[in-house]
4 protein chains.
Amino acid sequence: MKNVKRIGFVAVLLAVVVGGVWYASHQAQAGAPTVADQAVAAPAALVTKDISLAQAQAAVAAAVAKAEATKTKMDIAVIDAGGNLKAFARMDGAWLGSIDIAMKKAKTARYFDMPSGTIGTLSQPGGPLFNIEHSNNGLISFPGGLPLKAADGTVIGAIGVSGSTVENDHTVAAAGAEVVK
Amino acid sequence: MKNVKRIGFVAVLLAVVVGGVWYASHQAQAGAPTVADQAVAAPAALVTKDISLAQAQAAVAAAVAKAEATKTKMDIAVIDAGGNLKAFARMDGAWLGSIDIAMKKAKTARYFDMPSGTIGTLSQPGGPLFNIEHSNNGLISFPGGLPLKAADGTVIGAIGVSGSTVENDHTVAAAGAEVVK
Amino acid sequence: MKNVKRIGFVAVLLAVVVGGVWYASHQAQAGAPTVADQAVAAPAALVTKDISLAQAQAAVAAAVAKAEATKTKMDIAVIDAGGNLKAFARMDGAWLGSIDIAMKKAKTARYFDMPSGTIGTLSQPGGPLFNIEHSNNGLISFPGGLPLKAADGTVIGAIGVSGSTVENDHTVAAAGAEVVK
Amino acid sequence: MKNVKRIGFVAVLLAVVVGGVWYASHQAQAGAPTVADQAVAAPAALVTKDISLAQAQAAVAAAVAKAEATKTKMDIAVIDAGGNLKAFARMDGAWLGSIDIAMKKAKTARYFDMPSGTIGTLSQPGGPLFNIEHSNNGLISFPGGLPLKAADGTVIGAIGVSGSTVENDHTVAAAGAEVVK
């Protein structure tokens, strides 16, 4: 009895699946010449990750703490996986010109998923990316911008820091990046 | 001897000062009508106030708390007395288009030291400030932007909130403004 | 009766206040590291200084006088502590292209609190700030921009001069900066 | 004898003139179709007038005096006949947003050689110039901008004032315009 039931269930299942495929492929044939074949198996959205506000604020707080420890005054920007601003802080007395630079460092790091300084080594006169800074409404290609990654390596955003030497900017950015996982 | 020397020194000092003033005022009379007369008595700097990062972050935190309490998702920007970004937070799931609007609401409030919505009531067709939004690289003249004031009434910055209805935006901005003194 | 009521009121008040503080600090501990703890004790505004119009006009007048003395024709811009234009003069026959350059030199000097030419020495190919000029809607990194400081060293604005050689531009800017204290 | 000489002179003159015209017209025919005919009589440059720095600073000073007399705080911009900034002053405490508006009012007045408010009456919904504010990188079409004219009526620049009601802005602009001739 049990086996018969099981066979009946499989038969129904088969009928449903075959019927569905037949219907879907027919629909596809009836329509205009599109990407109909893919529509047979409905294309799936990407499953991805993005930085949360809690993470972004934790990164800013860690960067501010590092800046205070190194007696520097920093502008700190965190952007999300889409390159859009998520959190920002300008320490008291930090350079006004570093607001834009911190944001552009973060964007540069996320736009190419590498440290902003790496772009700088490739964009010197004679280098392969000479004058890439003219793109994207202005890049900043010296150190201080770092991708932010989830534990599995997915890039979920970037941090940009400006306000002191590029070495200090990088150190503070690294302190912010370290708390994001 | 000592007194004589002192008197001689004072006389020379007087001669230099009087001569300098005479020269400066003469220069002023001889030239085009300038501000030279004011320059004789060196003009003083203004003593003023500006928002601190601690204040800006407290305003953002209070605004986020209010947004959570009202089940809205907001972009929140705080600028300083000079109109420069001081702190920013975008809540998870908040509109991307509200990043710029929150910033422009804050700027509009600081640029004219009044709520952004007040500008909006004056800039309607037929109103005295019709099309003022074309200035300053774009203003946002609906509610959600408020000046931030020190206890003595000095405007030390502004907050701009965007992400829901303008009523909700205003309510959240007001919650942020309330903690700044 | 009256006293009892008063005591009862005070007790309720105390309960509300203590409960509020407990709740706030607990929220801070429970959530991500935020600025909630600071918000308990209301943070104070910064007390600072800004350039006055009298100072700005005195700087422009001194710069014009120096330009006349050196037979040059200059554009002279003075901005305030927040980077916003305070005073401007273009001498008769001075270059039209120097309107924007004078303003950008002043901004560059204030944005990083150093002479504009110092940025230029750091932004050469191979230098640490290569291509920084792409930030902030365009910087000008050759001499002619100087920070303006109050007697106590507070940066209260900046002057930018353009219209001749960079040496002359710097000399005229320095003459303007000298009268601001 | 005298007459013969005269006839001979006239004959030579005629030959030179006819020859010259023949040569010139031939050149014109030989070359590409250009403005060569006009070149025979070299075209003259326009003789025009432009505002001097002394005039511009006098207008600013008169406007500041009027603003002080009416207890308002104004941003005042003066541009030259070419529409380029000549002089500017922002009074202490005047709105930051009025820097750009004062400049745009002056430009609007010079761009069309009429008061900025006149443009505003024509740019309302349904009016002939609806949305003209979108041109020229942004116009401001409410009162406060006035052309500046030499004694003979030549427009030599414009003044733009912003910082209070449009009525006050206009009054202060008129006070500045009055001293320019």
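Q: How many residue pairs of chain D and chain B, both at pLDDT 80 or more, are in polar contact?
A: In this predicted model, local features need pLDDT of at least 70 and side-chain atom pairs count only at pLDDT 80 or more, while totals for chains, interfaces and linings use all residues; side-chain values use heavy atoms, leaving out hydrogens and water. Residues are numbered from 1 along each chain as its sequence is written, with chains lettered from A and ligands numbered from 1 in the order of writing. A polar contact is a pair of N or O atoms within 3.5 Å; within protein, one must be able to donate a hydrogen and the other to accept it, and residues adjacent in sequence count only if both atoms are side-chain atoms. Between chain D and chain B, the count of such residue pairs is 7.

Q: Which three residues of chain D lose the most area to chain B?
A: Buried area is the accessible area (1.4 Å probe) that two parts lose on being put together, summed over both. Chain D and chain B bury about 1,600 Å², with 65% on carbon and sulfur atoms. Together giving 31% of what the side of chain D buries, the three residues are W95(D), L96(D) and F142(D).

Q: How large an area is buried between chain C and chain B?
A: At this interface, 22 residues of chain C are in contact with 22 residues of chain B. Carbon and sulfur atoms give 67% of the buried area, which is about 1,900 Å².

Q: Which elements of chain C give two or more residues to the side that touches chain B?
A: This interface has 0 salt bridges, but 9 residue pairs in polar contact, both at pLDDT 80 or more. On the side of chain C, the elements giving two or more residues are α2 (36–40), β1 (46–50) and α3.

Q: Which residue of β1(C) is the bridge partner of T48(B)?
A: Strand β1 (residues 46–50) of chain B runs antiparallel to β1(C), joined by 5 bridges; two strands pair if DSSP finds at least two bridges between them. The partner of T48(B) in β1(C) is T48(C).

Q: Why is one side of β3 of chain A and of β4 of chain B without a neighbour in the sheet?
A: The open sheet has 8 strands with antiparallel pairing, in the order β3(A)-β4(A)-β1(A)-β2(A)-β3(B)-β2(B)-β5(B)-β4(B). β3 (145–149) of chain A and β4 (145–149) of chain B stand at the edges, so one side of each has no neighbour in the sheet, as each has a single partner strand.

Q: At about what angle does helix α6 of chain A run to β4(A)?
A: Axes are lines fitted to C-alpha atoms, for helices over the stretch in contact, and angles run from 0 to 180 degrees between N-to-C directions. Strand β4 (residues 155–162) pairs antiparallel with β1 (residues 75–80) of chain A over 6 bridges. Helix α6 (residues 166–178) lies across β3 and β4 of chain A, and its angle to β4(A) is about 145 degrees.

Notes. Helices (H or I, at least four residues) and strands (E, at least two) are DSSP runs, numbered from the N terminus. Contact means heavy atoms within 4.5 Å. A salt bridge is a side-chain nitrogen of Lys or Arg within 4 Å of a carboxyl oxygen of Asp or Glu.
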